[in-house]
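Happy to go through this one with you.

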Amino acid sequence: MKTESSKNPTGKDSQGGGFEAVSSNWGSWKAGKSFLLFLLAFLYLVPVLVLFLTSFKTQIQIMEKGFGWFFMPTLMNYSNVLLEQGFLRYMINSLIVGLASTFFTLLLGGFASYALVRFNFFGKGTISFGTLLLRMIPPAVLVVPIYVLWSYFGLADTLLGLVVIYVGLNLPFTIWVLISFIADVPVELEEAAVMDGCGPWKIFFTVILPLIKPGLAAAAIFTFRIAWNEFILALVLTNRVTRTLPVATTIYLTDTGVEWGNITAMGTLVALPAIIFTFLAAKQLIAGLTAGAVKG
């Protein structure tokens, strides 16, 4: 009696051939995905690289036809920017606005998201949906009404006015990010804390906040970068004393022309703190995700 052979008419193992085909297709897919990611990263980094290289060029080198990748670098642009009268003040203004708005956004966003998750009250769904709709409004549309209101209340041309508007703009995103993290915190942890004699405030600051560090890190990255890089509102709501670093780049738009070397040097200096803060917060974000909140 003949037994069936697992080989096809060509003499090859059909099962092994199928596995090799699947493995080959999977390898091609991984190679294609890697190439696509490399291409996207390249397209994203090229403008940053051009900005960085241009900041080391003289005005003559910048105005040459075509972009020269090889040139004799100079620190003249950075010297002009760093020695510019008022640079230190502009940097301090940006730090105050960025850190203050981030702190108050996380604090108020934590309170609001905790209330939306743990308490039931009339209009809860409307408030949740309304906060998301507020984030859809472009900041440029709010420039005129905000300037009128801030002038009436004496907040125009002040750092406090800028902090208040940045907190209001970033609160919706922060609330929606923290809601999902707070919802994942077991209620039993809060009940156990109550049994140990903890009050509501102590529960929030010692139990809830440490467990939602990943959400706080993500919200902090978003809020700080918006507050640090925002230009339109800062341009309208500040003056020569309270302007931030992004607004200070406009001083190099002169009647005689655009000082591209100084602008790119200022742009590089503006981008560095946001990049550093992002890397530091991202490290905390990864640590919070991998550490695990509840053990046992």
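Q: Which residues does Thr-174 touch, leaving aside those up to four places away in sequence?
A: In this predicted model, Thr-174 touches Thr-105, Leu-106, Gly-109, Ala-219 and Thr-223. Each of these contacts means heavy atoms within 4.5 Å. Thr-174 itself lies in helix H7, residues 159-183.

Q: Why is Thr-174 called buried?
A: The label requires under 20% relative accessible area. Thr-174 has 0% relative accessibility, so Thr-174 counts as buried.

Q: Which residues of H9 are buried, and what covers them?
A: The buried ones are Ile-203, Phe-204, Val-207, Ile-208 and Leu-209. Their cover includes helix H4 (87-118), H7, helix H8 (187-195) and helix H10 (213-229).

Q: What makes Leu-162, Ile-165, Tyr-166 and Leu-233 stand out in the largest nonpolar core?
A: Of the 19 residues in that core, these four touch the most other members. Helix H6 (143-153), H7 and helix H11 (232-237) each supply at least two residues of the core, and the largest share, eight residues, comes from H7.

Q: What does Leu-233 touch beyond four places away in sequence?
A: Leu-233 touches Pro-139, Val-143, Ile-146, Leu-162, Ile-165, Tyr-166 and Leu-169.

How values were computed:
Residues are numbered from 1 along each chain as its sequence is written. This is a predicted model: local features need pLDDT of at least 70, side-chain atom pairs count only at pLDDT 80 or more; totals for chains, interfaces and linings use all residues. Side-chain values use heavy atoms; hydrogens and water are left out. Helices (H or I, at least four residues) and strands (E, at least two) are DSSP runs, numbered from the N terminus. Buried means under 20% relative accessible area, exposed over 50%, partly exposed in between (1.4 Å probe, protein chains only). A nonpolar core is a set of buried Ala, Val, Leu, Ile, Met, Phe, Trp, Tyr and Cys residues joined through side-chain atoms within 4.5 Å.
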